Amino acid sequence: MGGDFSIETGPVEASPPPPLAYPQIAARWFSMHNLLWFMPVPILVLVTCYGLLRAVARNAHYTPFLLTLAQIFLGYSGLGISLWPNIIPPSISIWEAAAPPQSQGFMLVGTLFILPSSLG
């Protein structure tokens with residue numbers, strides 16, 4: 001059980017540096033209005049960490065996998081919250097980095113033909 005706790009320190013070690021290094025990220029996370037909206041993300045990370053430790057301790061089969069997926073989703077959610085709308089570098093918004101609407105329409109039509117055969 002000693003090695004199990006080291007698995008769970010990753011989200012805790014990776015969370016503090018971005019708000020401390022970038023004032024705009026700290027302003028987004030810690031302003032009072034946003035704090036109420038964004039606080040479920042770190043709380044759910046702590047809940048999934050606790051659940052994952054308990055699931056590993058009782059030798060569960062599916063629960064650790066599902067809780068790890070939840071942690072990955074929450075990690076990317078926190079990253080998206082921190083960087084939105086400047087997802088790529090800070091100077092380019094997601095709308096500036098997107099492909100033209102004609103290209104997106106072409107990809108959508110291609111996906112509509114390819115996806116059913118991939119899933120079937």
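This tour goes through a predicted model, one selection at a time.

**Whole chain**

Start with the protein chain as a cartoon. Nine helices and zero strands are present, and the order along the sequence reads α-α-α-α-α-α-α-α-α. Switch to a surface or an accessibility colouring: of the 120 residues, 18% count as buried.

**Confidence**

Colour by pLDDT next. The chain has a mean of 79, and 78% of its residues reach 70 or more. Select residues 4-7, which form helix 1: confidence is lowest here, at a mean of 53. Where pLDDT is low, the predicted coordinates should not be read in detail. Then select residues 40-57, helix 6, where confidence is highest, at 90.

**Annotated spans**

In the model, residues 35-53 are 95% helix and 0% strand, and a distance drawn between the end C-alpha atoms gives 27 Å. For residues 65-84 the content is 95% helix and 0% strand, with 28 Å between the end C-alpha atoms.

**Helix 4 against helix 7**

Now select residues 23-30 (helix 4) together with residues 63-83 (helix 7). Two packed helices are described by the angle between their axes and the distance between the axes. How do helix 4 and helix 7 pack? The angle is about 110° and the axes lie 8 Å apart. An angle of 65 to 115 degrees counts as roughly perpendicular, so helix 4 and helix 7 are roughly perpendicular to each other.

Show side chains at this contact. From helix 4, select Ile25, Arg28 and Trp29; from helix 7, select Gly78, Ile81, Ser82 and Leu83, which they meet. By class, the residues of this contact are four nonpolar, two polar and one charged.

**Met39**

Where is Met39 placed relative to helix 5 and helix 6? Met39 sits in the loop between helix 5 (32-38) and helix 6. To finish, draw the C-alpha to C-alpha distance from Met39 to Trp29: the two are ten residues apart in sequence and 8.4 Å apart in space.

Definitions and conventions:
Residues are numbered from 1 along each chain as its sequence is written. This is a predicted model: local features need pLDDT of at least 70, side-chain atom pairs count only at pLDDT 80 or more; totals for chains, interfaces and linings use all residues. Side-chain values use heavy atoms; hydrogens and water are left out. Helices (H or I, at least four residues) and strands (E, at least two) are DSSP runs, numbered from the N terminus. Axes are lines fitted to C-alpha atoms, for helices over the stretch in contact, and angles run from 0 to 180 degrees between N-to-C directions. Angles under 35 degrees count as roughly parallel, over 145 as roughly antiparallel, 65 to 115 as roughly perpendicular and the rest as oblique. Contact means heavy atoms within 4.5 Å. Ala, Val, Leu, Ile, Met, Phe, Trp, Tyr, Cys and Pro count as nonpolar, Asp, Glu, Lys and Arg as charged, and the others, Gly among them, as polar. pLDDT is the predictor's confidence in each residue, from 0 to 100. Buried means under 20% relative accessible area, exposed over 50%, partly exposed in between (1.4 Å probe, protein chains only).
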